[in-house]
Amino acid sequence: MLSPDKYIKNYIDGKLVPADSGAYFDNVNPATGKVYAHIPDSEASDVQKAYEAAERAFPLWSGMTTEKRYRILSRLADIIEQYTEPLARAESIDSGKPFSLASTVDIPRSQANFRFFATAITHFSSESHHVPGEAINFTLRQPVGVVGCISPWNLPLYLFSWKIAPALATGNCVVAKPSEVTPMTAYLLSKACMEAGLPAGVLNIVHGYGQKAGQAIVEHPKIKAVSFTGGTSTGKRIAATAAPMFKKLSLELGGKNPNLIFADCDFEKTMVTTLKSSFSNNGQICLCGSRIYIERSIYEKFRDEFVKRTQFLKVGDPFSAVTDLGALSSQAHKEKVQSYLQLAEVEGGTILCGGTEVEVPGEYEGGAFLRPAVIEGLSNNCRTNQEEIFGPVVTLQPFDTEEEAIALANDIDYGLAATVWTQDISRAHRVAEKLQSGIVWVNCWMLRDLRTPFGGVKNSGVGREGGLEALRFFTEAKNVCVKY
Ligand code: TXE
């Protein structure tokens with residue numbers, strides 16, 4: 001049974017164990033502001049034990065047929081699917097997000113990650129290069145060994161499994177650390193792995209702070225590859241540690257994504273989806289659009305309707321079926337978002353709606369609730385428009401020409417995702433081609449196909465996840481040249 005416990009444990013060598021130090025720190029439910037569980041405060045010695053277990057398990061796991069690995073990983077997917085309800089409940093309590101979102105997006109996608117990569121590995125093949133009459137080269141794609149996976153709090157099990165699944169499918173053993181802000185579903189994943197019959201040591205989950213347990217993973221001399229999703233400044237630090245050790249690195253970092261809305265768009269579809277791309281999960285998705293550029297001829301119409309619909313959004317009890325936005329991930333994060341709202345005003349912006357705290361009576365009195373905010377009147381180069389806020393805050397700006405829209409969208413250090421809204425197919429292609437972004441959605445948002453490359457340009461990261469990109473990241477290519 002995948003039920004949460006008050007004291008979360010590390011999962012090392014197939015067993016649930018406390019941190020070496022025996023120390024714990026608090027796990028807070030951000031919707032109530034109350035401590036409801038305790039997290040092991042792991043350090044380098046715990047990571048070392050996890051590494052040793054992974055190293056011991058590696059010959060068995062990497063030597064197993066892909067068919068067997070496929071079976072175990074798809075069993076894990078089945079277990080996650082079977083326990084969707086308790087997992088979604090745990091995710092909602094841990095992160096403050098609506099249960100409806102966790103049960104329809106986070107947990108289904110976590111199971112899909114394991115299922116997708118379980119089957120992907122059975123179709124994975126490598127290349128050969130023939131020199132006629134002389135030699136044949138073929139490429140072996142071999143697992144890297146023991147790899148590290150570090151994930152953030154915004155989509156806890158979703159992003160944790162997005163890394164772990166391809167790492168395991170390709171035959172690696174893993175030392176993983178979930179965010180200390182939202183560790184519960186990773187703990188439940190340990191129990192699911194035990195139920196699925198994953199051999200001991202293949203996946204090890206170490207809980208704790210980033211600076212301690214996370215840093216120990218990145219610094220470990222024998223952990224040869226690190227896949228990380230999180231903030232850009234953390235990514236910088238990880239790169240600085242790992243690069244001189246010549247580790248493979250996949251860094252999925254921040255975003256400050258533009259939405260380009262042309263006057264010829266399908267207005268209703270654009271409106272409905274832009275509300276989602278702005279405020280889903282409280283804007284705490286790296287793919288959320290936060291800079292909305294609107295062609296001047298429809299600027300006022302769009303602004304007025306967008307503000308009206310934003311004001312209708314329901315903020316509060318994550319377990320109510322009518323809630324659109326739950327709590328932010330923590331009080332500290334809420335305060336960070338609020339500091340940007342103050343900054344926006346100092347920078348000359350007008351808050352058209354939202355940004356105020358929401359008092360939810362009863363159980364949720366101390367929760368980190370904020371009304372979603374829409375701001376206009378800011379310059380493109382102010383901090384509010386250049387820095388990742390990662391909350392329910394968007395800015396609106398008008399543009400006059402296609403060239404101007406592209407220039408405004410690209411005038412930033414980030415480049416993760418962009419959306420383009422137009423009915424003109426030629427314009428859609430032209431603009432998509434010129435946007436400096438790893439992902440462009442035309443007339444849609446968050447339409448995900450797990451086979452596609454996923455990642456950003458500029459300060460949004462290095463490398464790509466998804467499909468073949470992930471399978472390649474977690475394997476080393478070895479060319480074998482045979483002369484005949
Ligand atoms: O993330 P961190 P934080 C952005 C967002 C947010 C900001 C900071 O703007 O406000 O980042 O969030 C682990 N070595 N995003 O501070 O610290 C940490 O324990 C190894 C965008 O919560 O980057 C956690 O498991 N690991 C983003 C993970 O890194 C370290 C999602 C992410 O935490 C470490 C989240 C270290 N030195 C935040 N320090 C997105 N793009 O999806 C921390 N960690």
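Mentor: A polar contact is a pair of N or O atoms within 3.5 Å. This is a predicted model, and in it a nitrogen atom of the ligand is 2.8 Å from an N or O atom in the side chain of Gln215.

Trainee: Which residues have a polar atom 2.8 Å from an oxygen atom of the ligand?

Mentor: In the side chain of Lys177, an N or O atom lies 2.8 Å from a ligand oxygen, while for Gly231 it is a polar backbone atom that is 2.8 Å from an oxygen atom of the ligand. Taken alone, the ligand exposes 820 Å², of which the protein buries 87%.

Trainee: Where does the ligand sit, and which elements give two or more residues to the shell around it?

Mentor: The ligand takes up the space of the largest pocket, and the elements in question are helix 7 (210-219), strand 10 (225-229), helix 8 (232-242) and helix 11 (331-346). Helix 7 contributes the most, with four residues.

How values were computed: Residues numbered from 1 in each chain as written. Predicted model: local features only at pLDDT ≥ 70, side-chain atom pairs only at ≥ 80, totals over all residues. Heavy atoms only, no water. Polar contact = N/O pair within 3.5 Å; in protein donor to acceptor, adjacent residues only side chain to side chain. Areas by Shrake-Rupley, 256 points an atom, 1.4 Å probe, with all protein chains shown as cover. 1 Å grid on protein atoms, 1.4 Å probe; cavity = no way out; pocket = protein on both sides within 12 Å on 5 of 7 lines; lining within 4 Å. Sits in = over half its atoms within 2 Å of the grid points.
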